[in-house]
Amino acid sequence: MKKWILGIYRRRLFDEKIEEESNSVVNQKKLIDDYLVDKDDIMIYKDYVDDGYTGTDFDRPRYKKMLNDIRKKKINGVIVKYLSRLGRNYIEVGNFIDEIVPQY
C-alpha cells in the first residue's frame, strides 16, 4: 500500500487581517481532520495556512512554501476543503493540478 505524505492547505477569504485564526480556517481543518480519521495510508507532513490572503493570485507565503516542499519531495499530495481554497483563478488551479502535481 502506498503511503501518502500530505500537506494540508487552508486559506481564508481576503477581507481583513486578524491576529487569531479565523473561523473559516478552523472549520476547514476540522473537516479535513474528520475525513482523515480512518486513513491509515496518510500521514500529514505540514499544515499550510494563508489566513487573510486573496485567492485571486498565488503570491501567498504558505502556498509558496507548500510548492517548495512538493518540489523537494517532502510531500506527495495536498488536501484542501475545496479547490477554491487553493485559488480562485481556475486556470492557475488547473495548471497546478494538471502540470505541477504530476511532475512530482
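**Salt bridges along the chain**

Okay, let's start in helix H1, residues 23-36, where lysine 29 and aspartate 33 sit four residues apart, so about one helical turn separates them. Helices here are DSSP runs of H or I with at least four residues, strands are runs of E with at least two, and both are numbered from the N terminus.

Before I go on, the ground rules. This is a predicted model, where local features need pLDDT of at least 70 and side-chain atom pairs count only at pLDDT 80 or more, while totals for chains, interfaces and linings use all residues. Residues are numbered from 1 along each chain as its sequence is written, and side-chain values use heavy atoms, with hydrogens and water left out.

What joins the side chains of lysine 29 and aspartate 33? A salt bridge, with 2.8 Å from N to O. The term means a side-chain nitrogen of Lys or Arg within 4 Å of a carboxyl oxygen of Asp or Glu. Go through the model with that rule and you get eight salt bridges.

How open is this pair? Lysine 29 comes out partly exposed, its relative accessible area being 24%, and aspartate 33 is partly exposed as well, at 32%. For the cut-offs, buried is under 20% relative accessible area, exposed is over 50%, and partly exposed is in between (1.4 Å probe, protein chains only).

Next one along: lysine 39 has a salt bridge to aspartate 38, and their closest N and O atoms are 3.0 Å apart. Here aspartate 38 counts as exposed, with 54% relative accessibility, whereas lysine 39 is partly exposed at 24%.

Now the pair I'd like you to look at on the screen. Aspartate 69 and lysine 46 form a salt bridge through their side chains, at 4.0 Å from N to O. Aspartate 69 belongs to helix H2 (residues 61-71) and lysine 46 to strand S2 (residues 42-50), so this pair ties together parts that are 23 residues apart in sequence.

Is aspartate 69 buried or exposed? Buried, with a relative accessible area of 0%.

Where does arginine 12 sit? You'll find arginine 12 in the loop between strand S1 (4-11) and H1. Arginine 12 is buried, with a relative accessible area of 7%.

Let me zoom out to finish. How many helices and strands does the protein chain have? Four helices and three strands, and if you walk the chain from the N terminus, the elements go β-α-β-α-β-α-α. The chain has 104 residues, and 35% of them are buried.

Last number, on contacts, meaning heavy atoms within 4.5 Å. Take the contacts in the protein chain with a separation of 6 or more: 72% of them are between residues 24 or more positions apart.

That's my tour. If you want one view to keep open while we talk, go back to H2 and S2, where aspartate 69 meets lysine 46.
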